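This briefing covers aromatic contacts, surface charge and backbone angles. The structure comes first, followed by the points by topic.

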Amino acid sequence: MRVLICGAGVAGLALARWLARDGQEVVLVERAPARPGAGYMLDCRGRGLDAVEHMGLLAELREHAVDLAELVYHDQDGAELGRFADDGPEAERTVSVLRGALVRILGDALPSTVDLRYGRTVGAALEDGDGLDVTVDDGIVERVDLLVGADGLHSRIRALAFGPEEQFRRDLGFHTAAYVMREAGTTRSLGHALHMIEGSGLQVGAYPLDTDRLATLFVHRVRPQEPLPQDPRAELRRRYEATGWIVPRLLEHCPGPGELYFDRVSQIEMPTWSRGRTVLLGDACQAMSLLTGQGAGMALAGAEALAQQLRSEGDIPAALARYEYELRPVVERMQAEGRALAEDFVPV
Ligand SMILES: Cc1cc2nc3c(=O)[nH]c(=O)nc-3n(C[C@H](O)[C@H](O)[C@H](O)COP(=O)(O)OP(=O)(O)OC[C@H]3O[C@@H](n4cnc5c(N)ncnc54)[C@H](O)[C@@H]3O)c2cc1C
């Protein structure tokens, strides 16, 4: 079988690895010109961590883990509101890593047979009786048996196969930003703990990574249908200007567009995850939002489930149907939990 995967993120890389190890021919196209930078902090747990273990990559993931012994809540002026040790049984089966580190680990584990092309996307896809002609944006037409959209929340493959994003995107009423910054003084002052700062309608997270780098997370409530700002950095300064303690220093180090993640907090809900020989994977069909802390994990679990079905089922439509049948109930339950969390995620 020959498969073209669009998107070399968490889901796409994991699927490419499974398929290539099963002897399938894989072309993987990624819009970004190279591997991503640090990105943002994410927790890998549950079925996602199991999937990493099944790939034989758990020890490596743990090597890149950021271990924070405590979670400390502060009010918007930095006064401590509560302190919790992060040492229960759940903590043992949770690995906190930068998205960039996870993508690097998955990328390093790719078999050399995978044809990985950076700086490329899919221009068009035309399906006939026994395959698809997928036009890559360099003009090359790839004849494949299966096209996989693993291209995230704003998936191009979803748009090509199913139509505009707005039909499937449910916004949860927040905008979010995240970046990694380098500043020794602030980082050291935070010790070995994750700090959450809460203000009216907003929350800021600061995760010390090592001696001089820390990862940030900003989440604030927005009006329904509020558009994304033209200048995310200026918007962050405006939104968080009344927040004190370390926040002004975090904002001073806010990077430009390439290294700043800024987006809506959204879920993707689809009536079906595949159409003909095109199937969606990860956030493209099941985004559950950062509020659940499960999106990357379920993207990894989805990649494993899809590979497993393609391995054991005789034909592609049956494999795609069984992949969705297996995963959809879990995804829908997590999405419902995410919506419930959104109700009181940050103080009103
Ligand atoms: C701030 C934040 C915190 C989060 N915290 C957690 C957490 O704690 N735990 C957790 O499990 N999840 C968390 N998530 C969610 C998690 O990051 C996503 O669910 C996960 O990355 C989805 O994986 P994916 O491979 O589907 O998409 P992505 O990881 O987004 O990868 C998509 C890839 O496709 C590429 N691409 C996009 N468009 C195109 C195109 N047109 N052509 C070619 N390539 C394209 C992108 O460049 C990218 O490489 C968090 C998300 C955010 C934003």
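Tyr 179 and Phe 218 are both buried. The model is predicted.

**Aromatic pairs**
- Across the whole structure, a search finds seven aromatic pairs.
- In one of them, the ring centres of Tyr 179 and Phe 218 are 5.8 Å apart and the planes stand at 20 degrees, so the pair is stacked; planes under 30 degrees apart count as stacked.
- This pair links distant parts of the chain, with Tyr 179 in strand β12 (residues 169–182) and Phe 218 in strand β15, 39 residues apart.
- Tyr 240 joins Tyr 179 and Phe 218 in a cluster linked by ring pairs.

**Negative surface patch**
- A patch of negative charge on the surface gathers Asp 67, Asp 86, Asp 87 and Glu 92.
- Asp 87, one of these residues, sits in the loop between β5 (80–85) and α4 (89–92).
- Asp 87 has a relative accessible area of 60% and is therefore exposed, since exposed means over 50%.

**Positive phi outside glycine**
- Gln 225, a residue other than glycine, has a positive phi near 60 degrees.
- The loop between β15 (213–221) and α8 (232–239) holds Gln 225, which is exposed at a relative accessible area of 76%.
- Trp 245 also is not glycine and has a positive phi, near 50 degrees.
- Trp 245 lies in the loop between α8 and α9 (247–252).
- With 33% relative accessibility, Trp 245 counts as partly exposed, because that class lies between the cut-offs of 20% and 50%.

Note on methods. Residues numbered from 1 in each chain as written. Predicted model: local features only at pLDDT ≥ 70, side-chain atom pairs only at ≥ 80, totals over all residues. Heavy atoms only, no water. Patch = residues over 30% accessible without salt bridge, like charges linked within 9 Å, V, L, I, M, F, W, Y side chains within 5 Å. Areas by Shrake-Rupley, 256 points an atom, 1.4 Å probe, with all protein chains shown as cover. Salt bridge = Lys/Arg side-chain N within 4 Å of Asp/Glu carboxyl O. Lys, Arg positive; Asp, Glu negative; His and termini not counted. Charge placed at Lys NZ, Arg CZ, Asp CG, Glu CD. Helix = DSSP H or I, 4+ residues; strand = E, 2+ residues; numbered from the N terminus. Buried < 20%, exposed > 50% of the residue type's maximum accessible area, 1.4 Å probe, protein only. Phe/Tyr/Trp six-rings, centres within 6.5 Å; stacked < 30°, edge-to-face > 60°.
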